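Q: I am new to this structure and would like to learn how its features are read, one at a time. Could we look at it together?

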There are 2 protein chains.
Amino acid sequence: MRKVVVGGAQLGPNQKTDSRARIVERMLVLLDQANSSGCTLVVFPELALTTFFPRWFMEKQSEIDQWFEASMPGPDTQPLFDRARLHNIAISFGYAELTPDGLHYNTSILTDQQGNIIARYRKIHLPGHSEFDSSRDFQHLEKRYFLPGDLGFPVTQAMGGRIGMCICNDRRWPETYRVMGLQGVEMILLGYNTPSFNSQKVTEGPEDRLFHNALVMQSGAYQNSSWVVGVAKAGIEDGFPLIGGSMIVNPDGRIVAAATTEDDELIVHDCDLDECNFGKETIFNFSRHRRIEHYGIITSQVGVLNGGD
Amino acid sequence: MRKVVVGGAQLGPNQKTDSRARIVERMLVLLDQANSSGCTLVVFPELALTTFFPRWFMEKQSEIDQWFEASMPGPDTQPLFDRARLHNIAISFGYAELTPDGLHYNTSILTDQQGNIIARYRKIHLPGHSEFDSSRDFQHLEKRYFLPGDLGFPVTQAMGGRIGMCICNDRRWPETYRVMGLQGVEMILLGYNTPSFNSQKVTEGPEDRLFHNALVMQSGAYQNSSWVVGVAKAGIEDGFPLIGGSMIVNPDGRIVAAATTEDDELIVHDCDLDECNFGKETIFNFSRHRRIEHYGIITSQVGVLNGGD
C-alpha cells in the first residue's frame with residue numbers, strides 16, 4: 001500500500017477585481033481544511049491566481065502581462081508555500097507564467113511536502129484561437145496569450161510514486177495520458193477552467209460539458225491504470241459561467257470523489273497507488289499488448305489525411 | 001445530411017455444437033428484421049459464426065482449424081451475402097480467417113450493398129496469452145490461435161462516408177480510434193466477445209465490464225468525432241457468460257441505441273455522418289491542435305520506461 005491522501009481544492013470564481021492576495025487567502029483556507037482531513041497532497045485548478053483572462057481580447061502587452069507571474073513563489077504566493085510547508089502538504093496549482101526571457105506559458109507546478117518546486121508543466125494543447133473571432137459567443141484566446149508548452153509531459157518520482165501533470169484541454173487528448181502512461185504514471189494532476197457553454201455551439205451547455213469532462217478523465221485513468229485528480233475553477237466569473245465537476249478518478253476509471261458545488265470546495269480521497277498495479281500488469285500491460293508498428297501516423301501526421309486507404 | 005440507417009445485430013450465444021448453418025439462419029432472421037427497419041448497414045459481432053473458441057486450450061492443429069473459415073464467402077456463409085444483396089444492405093461481421101498460406105487471423109469484413117467484400121480488418125490487439133495458464137479462472141488464448149493483424153486500421157470510403165473497423169479488445173486502446181481518426185473516420189464498426197468476469201480477478205464482474213465497454217467506446221467516439229457501432233456476442237456460451245451491451249454511440253460520445261437483452265437483438269439508429277463535422281472542425285480539429293512533437297514515445301516505445309523524467 002502506497003497511500004496518498006489527496007485533496008482536490010476546487011475554487012469558485014475569481015473576479016477581475018480580486019487581488020492575488022485575496023485569492024491566495026481562499027486557497028489558504030482550503031489548505032487548512034486539507035490539513036484537518038489528513039491530506040498529503042492538494043491540487044488547485046488551472047490559472048488559480050486570476051480570472052480566466054483569455055476570454056478577453058487584449059492588444060497591449062502591459063495589459064496582458066498583469067495576469068502573469070514573473071516569479072514563483074512571488075510576494076503574493078509565498079504564503080501558499082509557507083502554509084503548505086507548515087502542514088507538510090505537497091501542492092500543485094496552475095498560473096500564467098512569464099519567464100525571465102519574456103515567454104508566456106499556461107503552467108502548473110508541483111512541490112514536495114517541504115514547499116520546494118519539484119516539477120513544472122507547461123500546457124501543450126492550447127484550445128481556442130489567436131485573433132478576435134466575432135462568430136463566437138465569447139472569446140477563448142489561449143493561442144494568443146500563451147506559447148505551446150515546451151517541457152513535454154514530465155512524470156516525476158514523488159509521494160512514493162510517479163506523478164504527472166496536464167492542464168484543462170490536455171485532458172481531452174488521449175495522447176496526453178498515453179505519453180505519461182508510457183512513463184509509468186500513477187497519478188495525474190490537472191486543473192481546468194471550462195466554460196459552461198461551447199462558445200461555438202450554444203446548444204452545448206453545462207450538462208454536455210460535465211459529461212465530456214468526466215468521460216475523458218475516466219477513460220484516461222482506465223486506459224493507463226492511473227489515478228486522475230481533476231480540479232475546476234467554477235462558477236460565474238465576471239459574468240461567464242464555468243463548470244465545476246471536480247473529481248478524483250481511480251485507476252479503474254471510477255469516480256471516487258466529486259464536488260457538489262461551484263464554489264471553493266475540498267474533495268478528499270485516500271488513494272493507494274498500488275491500485276494501479278493490476279491494470280498495468282494485465283489488460284494494459286503495454287509491453288505485451290501494444291503494436292506500435294501500426295501506430296505510425298499518430299506521431300508522423302498532425303491533421304487528417306483522407307488517403308489512408 | 002449523409003444518412004446511414006445502421007443495425008447493430010447482437011447475437012446470443014453460439015454453442016460448441018451449433019452448426020454454421022444454424023447460426024447463419026439466426027443471422028438471416030436479423031437481416032430480415034433490419035430490412036424491415038430500413039437499415040442500409042448491419043453489423044454483426046466478432047467471431048459471429050462460431051463459439052468463442054479461445055476459451056479452450058487446444059494443441060492439435062486440425063482441432064483448431066475447425067473453427068476457421070478457409071474461404072469467404074464459403075458454402076455456409078453464401079446465404080448471408082445473398083440475403084444482404086437481396087435487401088440492398090451492406091454487412092460487416094467477424095470470423096476466424098485461415099488464409100491460403102495457412103495463416104490464422106481474427107478478422108472482420110465489410111461488404112457494399114451488393115454483397116461484395118470491400119474492406120477487411122485483422123485484429124491487432126490480441127488479448128490474453130498463448131500457453132495454458134492455470135492461474136486463470138478460464139483460458140483466453142487469442143495470442144495462441146491468431147497472429148496479430150497485418151493490415152493496419154484501414155478506413156474505407158463507403159456508405160457515403162469513411163468507415164473503419166476494429167475488433168473487441170482493440171476498442172480499449174485509444175491508438176485504435178486515433179489511427180482511424182487521422183484518416184477521417186466517420187463510423188467505426190466493431191464486434192466483441194467479452195467474458196462477463198475478468199479471468200484474472202473474480203471480483204470484476206458484468207457491471208464493471210459493461211462500464212468499461214461503454215467508457216472506451218464513448219470516449220473513442222467523442223475524441224475522434226466519429227460514430228461507433230459496438231456489437232456483442234452475448235449470453236451464456238458453453239457455460240461461460242459474455243456481456244451484451246451492444247450500442248451505437250454518436251460523435252458527441254452519447255449512446256443513442258442500446259441492447260437490453262443477452263440474446264439475438266437488433267438495435268437501430270438513423271445516423272447522419274454530417275454530425276461528425278462539428279467536432280472535427282472545432283475542438284478536435286487535429287491540424288490546429290495536435291502537438292506531435294510531444295507524442296514521440298507513443299510510437300517509439302512499446303512498454304513502460306520509468307526513465308521519462
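Predicted model: local features only at pLDDT ≥ 70, side-chain atom pairs only at ≥ 80, totals over all residues.

Q: How many salt bridges does the structure hold over all chains, and how many does the rule find across the interface of chain B and chain A?
A: Over all chains there are 48 salt bridges, and across the interface of chain B and chain A the rule finds eight. One salt bridge between the chains joins Arg254(A) to Asp208(B), where the closest N and O atoms are 2.8 Å apart.

Q: Which elements of chain B give two or more residues to the side that touches chain A?
A: They are β6 (155–158), α5 (174–181), α6 (206–224), α8 (286–289) and α9 (297–300) of chain B. Of the side of chain B that touches chain A, α6(B) gives the most, with 10 residues. Sorted by class, that side of chain B has 26 nonpolar, 29 polar and 16 charged residues.

Q: What is the area buried between chain B and chain A?
A: The size of an interface is often given as the accessible area lost when the parts come together. Here the area buried between chain B and chain A is about 6600 Å², and carbon and sulfur atoms give 60% of that area. Trp173(B), His294(B) and Val302(B) supply 10% of the area that chain B buries against chain A, more than any other three residues. The contact takes 71 residues from chain B and 71 residues from chain A.

Q: At what angle do helix α1 and helix α3 of chain A pack?
A: Helix α1 (residues 20–36) and helix α3 (residues 78–87) of chain A pack at an angle of about 10°, with their axes 10 Å apart. Since angles under 35 degrees count as roughly parallel, α1(A) and α3(A) are therefore roughly parallel to each other. Their contact involves, among others, Val24(A), Leu28(A) and Leu31(A) of α1(A) and Leu80(A), Arg83(A) and Ala84(A) of α3(A). By class, the residues of this contact of α1(A) with α3(A) are seven nonpolar, two polar and two charged.

Q: Where are the backbone features that a reader might look at next?
A: Most residues other than glycine have a negative phi, and most peptide bonds are trans. In chain A, the peptide bond from Met72(A) to Pro73(A) is cis, with omega near -5°, and Pro73(A) is found in the loop between α2 (61–65) and α3 of chain A. In chain B, a cis peptide bond joins Met72(B) and Pro73(B), with omega about -5°, and Pro73(B) is found in the loop between α2 (61–65) and α3 (78–87) of chain B. Leu47(A), a residue other than glycine, has a positive phi, near 45°, and lies in the loop between β2 (41–43) and α2 of chain A.

Definitions and conventions: Residues numbered from 1 in each chain as written. Chains lettered and ligands numbered in written order. Heavy atoms only, no water. Axes fitted to C-alpha atoms, helices over the stretch in contact; angles between N-to-C directions. Helix = DSSP H or I, 4+ residues; strand = E, 2+ residues; numbered from the N terminus. Parallel < 35°, antiparallel > 145°, perpendicular 65-115°, else oblique. Contact = heavy atoms within 4.5 Å. Nonpolar A, V, L, I, M, F, W, Y, C, P; charged D, E, K, R; others polar. Buried area = accessible area lost by both parts, 1.4 Å probe. Salt bridge = Lys/Arg side-chain N within 4 Å of Asp/Glu carboxyl O.
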